[in-house]
Amino acid sequence: MNDATHRFSTRAIRAGQDFDPTTGSVIPPVYFTTTFVQDGIGGFRNGYEYARGGNPTRTALETLLASLEGGDRAFSFASGLAAEDTLLRAILTPGAHVLMGNDVYGGTHRLVSRVFVPWGASLSTVDMSNLDAVRAAIRPDATKVVWVETPSNPLMKITDIAAVVAIAHEVGAIVVVDNTFATPYLQQPLDLGADVVVHSTTKYLGGHSDVLGGALILRDATEVGGQSLVEKVEFLQFGVGAVSGPMDAWLTIRGIKTLAVRMDRHSANASTIAERLVGHPKLTAVYYPGLPDHPGHDLAAAQMSAFGGMISVQLADGPTARRFAESTRLFQLAESLGGVESLVCYPSEMTHASVRGTELEIPDSVVRLSVGIEDVGDLIDDLVTALDAL
Ligand SMILES: *Cc1c(COP(=O)(O)O)cnc(C)c1O
């Protein structure tokens, strides 16, 4: 079932999830197989030949992701970075220029600067929320990719996706939106004109901090150098092979079934917490796009259906921020985000350690919260107790 007339929460549970025709099993089985019997040489059943090229559990996840993002095709990978790597291989050639936000995920910046730049690509970063700066940073002859992350990590800046698309398309650049923080439930980048959506499904889509994965969602019509981008990515998924295994695909599918209800609770909890933290004497700033004085608030309200579960806060200085990050109890100190459990992270030495000394460096006074779906009163007690004790 991949009926575009059904609404989001229905498709999250049913798209790509037809019951098993042999047994009637409501949950499609996990296909633990690497190869498929051929009815005579080349007689493939439903196109399946060898699991690097395709596995029915992976197909189910890809069908589901394409439906939720409103794309024509989705491709699932072993991690978010594996998905990004495959996409960039499909687009970049020596001399190509990549323009990315100056606060993108550190691993994305590292992938381009340490893998693709040595192969002859070039990279520059810009405040993607400043459209004049974006216009000035585009190189009409060279820019092939404009990479947008909104809300950004960890300072929660909001970029106007449709406006960046208009600027990038003037020079024929592909606009990639990393939709990991917002998820398709809160934000639909392809609808806003983006060409490709990237996910670390490790985060909200999986949603339970138990499975690594990544995905690309594309439109059939997108071309690169006169060739179909879908065909290039499909070839590289098979030809390079960074695919997701059947168990990983199945766990991600199971997570996605509850995406809508989880995102509602993540957003509600984070809004309540952000409002409660504003004005706390130990905090010098609260970064949450749902707060009316956040510089991207109006844009986020127009572009997203709610404000998500990520909050960052700023404290007086690095040592105080460090102590706060180490003193909460329900908010566990760990990398990653988007799971049902709340996590706290000290970006300058954890998630963003790889960009220290670059233009992406994060102030050491910032602490990031991934707000889970626990009882919001308990979460507030935990944060306020830790702050008051500083
Ligand atoms: C985690 C993350 C990635 C990388 O994904 P992995 O699954 O860890 O490889 C990319 N973008 C964003 C926004 C992320 O949070």
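Is the crossing of H3 and H8 right-handed or left-handed? The crossing of H3 and H8 is right-handed. The model shown here is predicted. The largest pocket has a volume of about 400 Å³.

- H8 spans residues 229–240, and its axis comes within 9 Å of the axis of H3.
- The two axes cross at roughly 125 degrees.
- H3 and H8 are therefore oblique to each other.
- H3 covers residues 80–91 and also takes part in a pocket, giving two or more residues to the lining of the second largest pocket.

**The largest pocket**

- The volume here is about 400 Å³.
- The lining consists of 22 residues.
- Nearest the centre of this pocket lie Gly16, Asp18, Pro28, Pro56 and Ala60.
- Two helices, H2 (56–69) and H9 (246–256), each supply at least two residues of this lining.
- The largest share comes from H2, with 5 residues.
- By class, the lining of the largest pocket holds 12 nonpolar, 6 polar and 4 charged residues.

**The second largest pocket**

- This pocket has a volume of about 290 Å³.
- It is lined by 21 residues.
- Leu81, Tyr105, Ser200, Thr202 and Lys203 lie nearest its centre.
- Helix H3 (80–91) and strand S6 (196–200) are the elements that give two or more residues to this lining.
- The lining of the second largest pocket divides into 6 nonpolar, 9 polar and 6 charged residues.
- Where does this pocket lie? Domain 1 (8–256) and domain 2 (260–388) both give residues to its lining, so the second largest pocket lies between them.

**The largest cavity**

- The largest cavity holds about 40 Å³ of space.
- Its lining is made of 13 residues, and the closest to its centre are Leu61, Ser76, Phe77, Thr201 and Gly213.
- Four elements each supply at least two lining residues: H2, strand S1 (73–77), strand S7 (214–218) and H9.
- Which element gives the most to this lining? H9 does, with 3 residues.
- The lining of the largest cavity has 6 nonpolar, 6 polar and 1 charged residues.

**The second largest cavity**

- About 30 Å³ of space lies in the second largest cavity.
- Its lining includes Pro151, Met156, Phe181 and Ala182.
- Also in this lining are Met304, Phe307, Gly308, Gly309 and Met310.
- How many charged residues does the lining of this cavity have? There are no charged residues in it, alongside 7 nonpolar and 2 polar ones.
- Domain 1 (8–256) and domain 2 (260–388) each provide at least three residues of this lining.

**Backbone details**

- Most peptide bonds are trans, and most residues other than glycine have a negative phi.
- The peptide bond from Thr150 to Pro151 is cis, with omega near -5 degrees.
- Pro151 sits in the loop between strand S4 (143–149) and helix H6 (161–170).
- Pro151 is also one of the residues that line the second largest cavity.
- The peptide bond from Asn153 to Pro154 is cis too, with omega near 0 degrees.
- Pro154 is likewise placed in the loop between S4 and H6.
- Thr183 is a residue other than glycine with a positive phi, near 70 degrees.
- Thr183 belongs to helix H7, which runs over residues 183–186.

Key
Residues numbered from 1 in each chain as written. Predicted model: local features only at pLDDT ≥ 70, side-chain atom pairs only at ≥ 80, totals over all residues. Heavy atoms only, no water. 1 Å grid on protein atoms, 1.4 Å probe; cavity = no way out; pocket = protein on both sides within 12 Å on 5 of 7 lines; lining within 4 Å. Points joined across faces, edges and corners; volume = space filled by probe spheres on them. Nonpolar A, V, L, I, M, F, W, Y, C, P; charged D, E, K, R; others polar. Domains from an automatic or database assignment. Axes fitted to C-alpha atoms, helices over the stretch in contact; angles between N-to-C directions. Parallel < 35°, antiparallel > 145°, perpendicular 65-115°, else oblique. Left-handed = near helix turned anticlockwise from the far one by under 90°.
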